[in-house]
Amino acid sequence: MSSELLRAEGIGKHFGGFVALEGITMSFAAGQLTSIIGPNGAGKSTFFNILSGALTPTSGKLHFRGRELNGLPQHRFVHQGISRSYQITNIFPDLSVHENVRVAAQALTVSYDIWRNRARLTELNARADTALEAVGLLAKRGELAKFLSHGQQRALEIAIALASEPQLLLLDEPTAGMGPEETKDMVALLERLAEKRTVLLVEHKMKMVLGLSKRVVVLHHGRLLADGAPDEIRSNPEVRRVYLGQSEGYG
Amino acid sequence: MTSPSSGEAVAEPASNGLGWLLEQRVLLSIAVLAVLPWLLPSQALAVNVLIYGVVVMGYNLLFGYTGLLSFGQAAFFGAGAYFTGIAIGRYGVPWFAAVPIAVLFSTCLAALIGIVSTRTRGIYFSMVTLALAQLVYYVALQASSFTGGENGLRGFTVDRINPFGLQVNFLDPVNKYYVLMAFAALAMWFQSRILNSPFGAVIEAVRENEQRARACGYDVERSKLIVFMLSGAISSLGGCMLALHLSIVPLDILHYQTSGMIVMMVLLGGARSFFGPFVGAAAFLILEDVISVWTPHWQLFVGAIFVLFVLFLPKGIWGTLLDTLRVGKARS
């Protein structure tokens with residue numbers, strides 16, 4: 001196993017009386033693709049929002065590269081090296097594709113600079129183009145983001161998350177709402193991304209997750225149900241009972 | 001064509017004539033303003049276009065580019081004017097020093113109002129800015145020993161100025177216009193720099209998608225506060241210009257009707273366009289001039305025209321014109 005990047009210790013989240021997450025303890029190693037799965041309402045999104053700083057856990061601690069993240073405002077998470085994409089496309093619709101990514105790329109360095117001309121910050125522009133190239137959108141860089149197809153917007157979503165060159169990339173259902181053809185492209189993209197980066201994926205499409213991940217974490221009713229290699233998960237009777245055996249129509 | 005280096009390849013190329021022209025927006029705007037007194041029916045109108053243009057341009061930074069609908073911009077317009085008048089009339093500060101002092105004080109006021117208001121969103125933001133601006137109005141009304149209260153601030157006439165050793169009669173309308181235009185040019189240059197800067201990209205990202213801007217690593221509240229202060233600073237410069245122009249500061253300048261007029265001007269001209277505020281100020285003031293000649297109820301007509309604009313030309317006069325030119329260019 002390679003070195004530990006992120007460790008969650010007894011993470012819990014309550015919304016009033018409702019327990020969304022309870023006692024999640026796990027650690028994520030650098031350089032592999034891990035998927036989080038579970039039926040709807042299992043707490044995947046809550047866990048994801050905690051990892052990206054959008055929610056503060058009710059209990060438990062998060063450590064990232066040895067540093068405790070608790071109490072850090074959401075916008076500081078990117079500065080620590082954690083970046084996320086969204087399940088529902090969440091881009092800057094009236095900005096150009098290039099600008100969408102470039103504005104994300106500058107967050108760590110020149111964000112409040114009111115003096116320099118951003119068109120001349122060539123390093124940032126180049127970094128934005130690198131991220132666009134990685135997701136196959138370089139040819140569309142001049143277009144307004146709102147005019148992209150759904151699949152392209154999903155790819156842009158990932159390029160924005162990539163632009164800050166994160167050490168941990170959190171992807172929330174990157175294939176949400178995609179047809180089979182677009183899904184295939186996205187899977188290829190995810191495979192390419194996972195070669196060099198630590199990726200944490202929340203997904204609904206079981207078959208895709210098992211083929212793609214080195215490790216799969218199963219949540220159920222806010223608790224950790226199973227954690228292991230795809231083969232172990234596939235044969236785990238508990239997992240089969242709560243997840244695999246159910247019809248896709250659940251939720 | 002030689003192949004460009006990797007650095008040049010990523011810079012946005014000025015691909016067509018229109019694009020190149022729009023990049024020279026500061027120089028072009030100054031050129032238009034320089035001939036304005038001869039294009040408009042009166043020089044008094046031209047001076048007002050200049051002053052309100054600067055005020056509305058500052059407001060455009062907040063409303064057009066950041067998407068924050070404030071109903072309290074009059075507070076900074078008025079603050080600029082009052083601080084200039086008080087500095088000159090009460091403390092005998094020379095006019096050229098009074099202007100930066102007034103802008104500085106107004107920016108501090110913007111910081112105070114911004115700290116409170118930028119914590120709220122949407123309609124609450126609009127209401128908080130309105131309420132705080134009214135507070136400034138009542139302070140100016142009550143502190144009459146400083147501000148002249150209802151009568152407005154008087155007694156600080158600037159009649160003769162000598163920039164760079166030149167003797168200039170400031171009561172001459174043409175001289176006055178060009179001196180004030182220098183301030184407008186400075187404001188335009190500053191605004192253009194902000195818009196081209198990395199921070200200019202941040203405010204657009206905040207307007208487009210606050211949640212994502214936060215997830216990208218931006219402190220959204222801090223960004224809003226900074227832009228609120230910059231916007232207040234630029235609008236207050238318009239106030240300084242008004243004080244130098246009129247030699248009095250009417251109390252009405254702080255009234256919420258002035259804030260409403262600023263909102264109307266930016267929408268008439270075109271929010272999110274660089275020169276739109278000047279076009280909007282000109283359109284509003286010309287309408288007022290023309291219609292008030294034959295009816296005292298001119299506001300009724302200006303209001304009706306405003307409604308038509310919001311319904312049918314949401315990008316305003318200048319914004320729509322630019323769009324038309326761009327589409328024409330793309331088709332040819």
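**Reading the labels**

Student: Which way do the residues of strand 3 of chain A point, and are they buried or exposed?

Tutor: From strand 3 of chain A, A:Leu33, A:Ser35 and A:Ile37 point one way while A:Thr34 and A:Ile36 point the other way, and all are buried. Buried is used where 20 or more other C-beta atoms lie within 10 Å of a residue's own, exposed where there are 12 or fewer, and partly exposed in between, with the C-beta atoms placed from the backbone. In a regular strand the side chains alternate between the two faces of the sheet. Keep in mind that this is a predicted model, in which local features need pLDDT of at least 70 and side-chain atom pairs count only at pLDDT 80 or more, while totals for chains, interfaces and linings use all residues. Residues are numbered from 1 along each chain as its sequence is written, and chains are lettered from A and ligands numbered from 1 in the order in which they are written.

Student: Why is strand 3 of chain A called mostly covered?

Tutor: Strand 3 covers residues 33–37 of chain A, and five of its five residues are buried. The word strand itself refers to a DSSP run of E with at least two residues, and helix to a run of H or I with at least four, both numbered from the N terminus.

Student: Which strands of chain A stand at the edges, and why?

Tutor: The six strands form an open sheet in the order 6-7-8-3-9-10, with mixed pairing. Strand 6 (82–84) and strand 10 (223–228) of chain A each have a single partner strand, so one side of each is left without a neighbour in the sheet. From one strand to the next the twist averages 20°.

Student: What is the order of the four strands that form an open sheet in chain A, and what is the pairing?

Tutor: Their order is 2-1-4-5 and the pairing is antiparallel, with strand 2 (18–29) and strand 5 (67–68) as the edge strands that pair on one side only. Strand 1 (residues 4–15) pairs with strand 2 over eight bridges, where A:His14 stands opposite A:Val19, and with strand 4 (residues 59–64) over five bridges, where A:Arg7 stands opposite A:His63. Strand 4 and strand 5 of chain A are joined by two bridges, which still counts as pairing because the cut-off is at least two. In strand 5, A:Glu68 is the bridge partner of A:His63.

Student: How many residues of chain A are in contact with chain B?

Tutor: Contact requires the C-beta atoms of two residues, placed from the backbone, to lie within 7 Å; by that rule 35 residues of chain A are in contact with 26 residues of chain B. Helix 2, helix 3 (97–105) and helix 4 (122–134) of chain A each supply at least two residues of that side of chain A.

Student: What does UniProt place at residues 123–141 of chain B?

Tutor: The UniProt record, an unreviewed entry, places the feature "transmembrane region" there and at other spans of chain B, including 261–286; its positions are given in the numbering used here, feature names are shortened, and annotations may be inferred rather than shown by experiment. In the model, residues 123–141 of chain B are 100% helix and 0% strand, with end C-alpha atoms 27 Å apart. Residues 261–286 of chain B are 77% helix and 0% strand, and their end C-alpha atoms lie 13 Å apart.

Conventions:
Axes are lines fitted to C-alpha atoms, for helices over the stretch in contact, and angles run from 0 to 180 degrees between N-to-C directions.
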